[in-house]
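This report walks through one protein, element by element. Keep the sequence and the structure in view while reading.

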Amino acid sequence: MKIILFGILVTILSVPEIIAHLSGLNLENGQITTRYSPNLDTVEPHPSAAGRVQEQFGKVEEKLISLDQKLEEKFANLDQKMVKKLDEMLAKLDQKLEEKGADLRNAMSTRKPVEIPKFQKIGVKSYYIDNTENVNWFVAVHKCREIGANLASLQSMEELKAVSENLIDKHYWLDVNDLGIKGVYKLLKSGQKAAFLHWHHWQPDNYENNEHCVELLNRDSNYAMNDRDCQFKCHFICEKDEQN
Ligand SMILES: [Ca+2]
């Protein structure tokens, strides 16, 4: 029976038609279609996963290129700004250096050497009696050394009286001090004990435990020694030996 039916189909239909019929497909004008869809050539291709990935890659690549360009622009601008800033800083430094150099050259050119005041001979020594400045004892020490001398260290009553006759103010620093050992009066010049001391009455009193430098003080028209606060500011007497 099956053989008879197949023979009838072969007689009516061609072989491709028979195959299409049996597989559930239609054959129209040589194009195969399904029974449930139009011609296969007219079906829109569904994007594959690879296609979507490729599309995403494309978008990412575009963004990266765009970002790269922006970064290049940013760095280019940054470089220009940094170079400009550095140039400005260098210019300012150059200017400051030039100004400092000019100040230094000016200071060097206008610096005056220490003027050596005129010493006066009194007895066997030469003295410079300052009546122009009021300085503390330490400054007085340096003032005398600047002019090649030391604060005066009177050696005798005769010397004290001779010097006193040339004084016009009340207070003058001497070289004597007890900065090392309280109550032991020494000369800064030699580090030795003062050979001659002539104090006013009630002196030295180390008033308020803060008097360690010695001045020649005029009290009641009489010059004698008094211990005083080393920071007190007054005139001073410099001396240098005859051979100096
Ligand atoms: Ca005193």
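## A strand hairpin

Strands β8 and β9 pair in the antiparallel sense, over 7 bridges. Within that pairing, Cys 213 stands opposite Arg 228 in β9. The hairpin of β8 and β9 has 2 residues between the strands. Asp 220 takes a positive phi there, near 55 degrees. Note that the model is predicted.

β8 also pairs with β6. That pairing is antiparallel too and runs over 4 bridges. Here Tyr 172 stands opposite Leu 216 in β8.

## The protein overall

The protein has 5 helices and 10 strands. It counts 244 residues, and 17% of them are buried. Consider contacts with a separation of 6 or more: residues 24 or more positions apart account for 58% of them.

## Helix α4

Helix α4 spans residues 137-146. Which of its residues are buried? They are Trp 137, Ala 140, Val 141, Lys 143 and Cys 144. These residues lie on the same side of α4, because they cover an arc of only 165 degrees around the axis. An α-helix has 3.6 residues a turn, so residues three or four places apart point the same way. On the other side of α4, His 142 and Glu 146 are exposed.

Just after the helix comes Gly 148, with a positive phi of about 75 degrees.

## The nonpolar core

The largest nonpolar core has 28 residues. Those with the most contacts inside it are Leu 151, Ala 152, Trp 173, Leu 174, Phe 236, Ile 237 and Cys 238. At least two core residues come from each of β4, α4, β6, β8, β9 (222-228) and β10.

Take Ala 152. Beyond its neighbours within four places in sequence, Ala 152 is in contact with Tyr 127, Val 163, Leu 174, Asp 175, Ile 237, Cys 238 and Glu 239.

## His 235

His 235 sits in strand β10. Is His 235 buried or exposed? His 235 is buried, because 21 other C-beta atoms lie within 10 Å and the cut-off for buried is 20 or more.

Residues up to four places away in sequence aside, His 235 touches Asp 130, Asn 131, Glu 133, Asn 134, Asp 169, His 171 and Tyr 172. His 171 is 64 residues from His 235 in sequence. In space, the two are 6.2 Å apart, C-alpha to C-alpha.

Terms used: Residues are numbered from 1 along each chain as its sequence is written. This is a predicted model: local features need pLDDT of at least 70, side-chain atom pairs count only at pLDDT 80 or more; totals for chains, interfaces and linings use all residues. A residue is buried if 20 or more other C-beta atoms lie within 10 Å of its own, exposed if 12 or fewer, and partly exposed in between; C-beta atoms are placed from the backbone. The arc is that of the directions from the helix axis to the C-beta atoms. Two residues are in contact if their C-beta atoms, placed from the backbone, lie within 7 Å. A nonpolar core is a set of buried Ala, Val, Leu, Ile, Met, Phe, Trp, Tyr and Cys residues joined through C-beta atoms within 7 Å. Two strands pair if DSSP finds at least two bridges between them.
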